[in-house]
Amino acid sequence: MTPGSSPEEGGPRDPKAGRFDRPVTALRATTGAVAAAALAALFLGDGPGDRLAWLAIGLLVAAPLVRVGWLAIRWSRRGDRRFSLAACGVLVIVAAGVLLA
Amino acid sequence: MNAAPLLIAALATAAALLGSLGGIGGATLLVPVLVAMGAEPTAAAPIGLATVAAGSLAASSRQLAEGTVHHRLGVTVELAAAAGAVTGALLSLDVSERLIAWVLAAAAAIGGVAALARRGVRNPPLGILHAEPAGEWPGTLGGQYRNGEEIVPYQATHLERGLPAALLAGVVAGLSGVGGGFLKTPAMSELMNVPVKVAAATTTFTLGITAAAGLLVYAVQGRIEPLELAGAIAGAVMGGWLGARLQQSLAPTAVRRATGVLLLIVAVVVAVRA
């Protein structure tokens, strides 16, 4: 067996397998929560429906921005400063848009 | 129960279903259809961006697990696209509805032509990389992705050509509410030499950020109708889910061409009404 082979199958194994397991699970859970909140909002209508709709919208907006923030921290910890700064730059641009609006 | 959110949910489901089968963003179809049905472009824009964000989120876990998203490329491109989206959203209240309608018609027409156009394979697989995992190379705009049993290396080039296209896509998204993927994906694949599969997945990742930037500006401007957006979000997630399951049983080329023709018809209707 060569280094990097799977003992069960004898074939090549992805040495980085599972590195995104937690973010993948988090993204799946967020998608489910957004869909459930949006559907419930539709059927509840004004009042409680409005609050659930805002929850769905909030999660929908927060998810990609949290992901960019996570990438900025991850790249910074690994010494990839150029791209960490780029990720921070994206967040600064979004924040500037909110302030200008 | 208010009828408008349910109608929007039904339209968003159909647009996301056709979009996922035809390889185009659902908002490229949904927003022009809403405008053609009499909605004001400034009211239709947040609905479109909500479906863009929902589609991006729904696809994100699968694409992340597959290793097809190039995050460094996406974040770099998004520097321009987010700036464009914020600018477009800020300007959208100051420009005429007629101009936005023309932008939408042009977006639908470009999306239609893109759906009808053919694509070739540019980056060949490399046998020596068969045991390598798919992913991106740290510190660079290069990487490799899995295409069937083969590993295909690539290196994004000509950032100076891709960034203006991303900026334009962002402005269109912020101004009109369509995602702009019909500009970003071809820009990455044709101008920056990125394989289509990686370009499409990376575009999906970036569209979520672009849409979030635009939606935040719209929210501060008081242009969000929460129940209408809830309908759009629910429809986009359901339509994308249905599309992913129907993809196995339908001929993608036929659906893509039908969607392309439909987009061209919508473009003409919106242009005539403008």
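Student: In which helix of chain B is Pro32(B) found?

Tutor: In this predicted model, Pro32(B) lies in helix α2 of chain B, residues 26-36.

Student: Why is Pro32(B) called buried?

Tutor: The relative accessible area of Pro32(B) is 0%. Buried means under 20% relative accessible area, and therefore Pro32(B), at 0%, qualifies as buried.

Student: Which residues does Pro32(B) touch, leaving aside those up to four places away in sequence?

Tutor: They are Ala27(B), Leu104(B), Ala108(B), Val178(B), Val266(B) and Val270(B). Of these, Val270(B) is 238 residues from Pro32(B) in sequence, yet the two C-alpha atoms are 6.4 Å apart in space.

Student: What share of the contacts in chain B joins residues at least 24 apart, among contacts between residues at least 6 apart in sequence?

Tutor: The share is 78%. As for burial, 57% of the 274 residues of chain B count as buried.

Student: What secondary structure elements does chain B contain, and in what pattern?

Tutor: Chain B has 10 helices and three strands. Along the sequence the pattern is α-α-α-α-α-β-β-β-α-α-α-α-α.

Student: How are the three strands of chain B arranged?

Tutor: The strands form an open sheet in the order β1-β2-β3, with antiparallel pairing. The edge strands are β1 (135-136) and β3 (150-155) of chain B.

Student: What makes β1(B) and β3(B) edge strands?

Tutor: Each of them pairs on one side only.

Student: How do you know that β1(B) and β2(B) count as paired?

Tutor: β1(B) and β2(B), the latter covering residues 142-147, are joined in the antiparallel sense over two bridges. Pairing requires at least two bridges, so the two bridges of β1(B) and β2(B) meet the requirement. Within this pairing, Glu136(B) stands opposite Gly143(B) in β2(B).

Student: Over how many bridges do β2(B) and β3(B) pair?

Tutor: They pair over six bridges, again in the antiparallel sense. The bridge partner of Tyr145(B) is Val152(B) in β3(B). The hairpin of these strands has two residues between them, and Gly148(B) takes a positive phi near 70 degrees there.

Student: How many residues are in contact across the two chains, and what area is buried?

Tutor: On chain A, 50 residues are in contact with 52 residues of chain B. The two chains bury about 4200 Å² between them, 82% of it on carbon and sulfur atoms. Leu42(A), Leu60(A) and Arg67(A) supply 16% of the area that chain A buries against chain B, more than any other three residues.

Key:
Residues numbered from 1 in each chain as written. Chains lettered and ligands numbered in written order. Predicted model: local features only at pLDDT ≥ 70, side-chain atom pairs only at ≥ 80, totals over all residues. Heavy atoms only, no water. Contact = heavy atoms within 4.5 Å. Buried area = accessible area lost by both parts, 1.4 Å probe. Helix = DSSP H or I, 4+ residues; strand = E, 2+ residues; numbered from the N terminus. Buried < 20%, exposed > 50% of the residue type's maximum accessible area, 1.4 Å probe, protein only.
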